[in-house]
Amino acid sequence: MQSPLQRDTTRTGHVVVIGGGIAGLAAAHRLLSAGLRVTVLEATERLGGKLMTGEIAGTRVDLGAESMLARRPEAVELATAVGLGGRLQPPATATASVWTRDALRPMPKGHVMGVPGDPAALSGVLSPEGLARIAQERDLTPTAVGDDVAVGAYVADRLGREVVDRLVEPLLGGVYAGDAYRISMRAAVPQLFEAVKEGGSLLDGVRRVQERAAARQQTGPVFQGIDGGIGTLPDAVADAVRAGGAEILLATPVLGLTRTVRGWDVRTDTRVIDADGIVLATPAWSASTLLAAESPAASVELAAVEYASMALVTLAFRRSDIAGTQALHGRSGFLVPPVDGRTIKASTFSSHKWQWVADAAPDLFVLRTSVGRYGEEEHLHREDSELVDVSLSDLAAATGLAARPVDTEVTRWIGGLPQYPVGHLTRVARIRDEVAKLPGLRVCGAVYDGVGIPACVASARRAADEITRDLTGADGGGNARKIAEEIIATPTRVQGTRSEAGQ
Ligand SMILES: Cc1cc2nc3c(=O)[nH]c(=O)nc-3n(C[C@H](O)[C@H](O)[C@H](O)COP(=O)(O)OP(=O)(O)OC[C@H]3O[C@@H](n4cnc5c(N)ncnc54)[C@H](O)[C@@H]3O)c2cc1C
């Protein structure tokens, strides 16, 4: 017979954050700054979710996400707020290549996610026929994009398949590990979607996007890493959150959520925690399960979100062993169009891209490859040693690399990236509409407004701010304020034994 669950009682303004990835931690950080009491519950033994460092040949490197877009502020602001501002480090080199048509070719400039404003920008990466096809676009009658359209289908229709297959696909794949012919233009390349909605040719739309970007005169690095790894960010946020009085419980999967007259019961395997507010910062499948009882409609929508899985193969070589491999030098790595039929989808030369990696291990050359993407996950069932071997084989073909690594690390990210197909944003709007019917509960994370770290932090801020308004009525929080008042007026219930979470 199961022992009775302990009940952890709390005082007013207690928000339970479910999920200790970067979104959950960012939400906790934001909630604390609003003066609320916070408990973070993380299912695994480790914080950070897709942000993780690990060791290769005695050197700590990122084994998950490795860089943050700095052209939007949220991630860099969070890193700075938790004391990592001095360790932000832009890539040492941004000279990436595309391994296509049997050669490593410089990544073209002057395009928006691979869609050019001028065909000449893609010279070399595309065949002469592919370039000629792009140039014919202005003769085509304009195509309406409606409410949304798949990036690949639209661009192929306007400019020919080659530009999609050789450039748009690998670039989008680098973000979503997805299929360009399914991915939503509105979600993935919103500035291009807005420009093409204005009408006219796609080439002109791209030019308008480029002119608007130039007019914003944004300066500073486009991306930032962190000395020691992006994977150090979750722990730094967690330290700040703990210092602010929050409690973080690891190895504590949440198994159920139930609305009560006063707020929420959060059920784990050993306890029930009373909460006034919930931030649900888990992947879609987990959010779907947890919302099944209280919001079946949101649960069904979340269950329909698909994911891509991939593996990262990190390899460390003696620097002396790769010195003669010219193709490895002077670039940060390369993308691989799936149409070329290789196994690896990209390779990042970490020791070139990140000065902190080079400094941490001056005698080593560290690189990583990625294998697998949406609909192409069969490779992930292979043994680690096989993934290392296919990576080495593709690297040899691309760069001439013949050296053997001194250490290898294979990291599988099963369900790593949510997919954003056409209509994803309307699905997200429906989820938010349903969730808004639940007082004091909000969702955030990679499922909703973008998979990149800044987008996850932004969605966390939004969730935290809405909960704060709900609970404190800071801007007339309606129902939830009434609930908060009711909580203040209701004596705390205690059932079973108090545990540490309720102290
Ligand atoms: C291999 C890879 C490389 C990437 N590279 C980059 C990059 O360079 N730059 C970039 O911006 N983005 C990158 N991304 C994307 C980005 O890292 C993720 O989208 C982001 O970190 C997701 O954060 P999250 O908090 O929403 O979710 P997650 O990181 O998935 O965190 C969710 C957490 O919830 C926990 N959880 C789940 N269910 C429960 C439950 N029932 N109870 C309690 N806890 C639960 C999980 O254990 C997990 O810790 C990459 C992603 C992958 C997979």
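Hi everyone, let's start at a helix pair: Gly130, Arg133 and Ile134 in H3 meet Ala156, Asp157, Arg158 and Leu159 in H4, where contact means heavy atoms within 4.5 Å. Helices here are DSSP runs of H or I with at least four residues, strands are E runs of at least two, and both are numbered from the N terminus. The residues of this contact divide into three nonpolar, one polar and three charged; Ala, Val, Leu, Ile, Met, Phe, Trp, Tyr, Cys and Pro count as nonpolar, Asp, Glu, Lys and Arg as charged, and the others, Gly among them, as polar.

A word on the source: this is a predicted model, with local features needing pLDDT of at least 70 and side-chain atom pairs pLDDT 80 or more, while totals for chains, interfaces and linings use all residues. Residues are numbered from 1 along each chain as its sequence is written, and side-chain values use heavy atoms, leaving out hydrogens and water.

Now the domains, whose bounds come from an automatic or database assignment: domain 1 (6-49 + 230-305 + 420-500), domain 2 (107-215) and domain 3 (307-418). Seven residues from domain 1 and 10 residues from domain 2 make the contact. About 730 Å² is buried between domain 1 and domain 2, meaning accessible area (1.4 Å probe) lost on putting the two parts together, summed over both. On the domain 1 side, Tyr420, Val422 and Leu425 lose the most area, together 63% of what that side buries.

And salt bridges (a Lys or Arg side-chain nitrogen within 4 Å of an Asp or Glu carboxyl oxygen)? The whole structure has 28, but the count between domain 1 and domain 2 is zero. Thanks, all!
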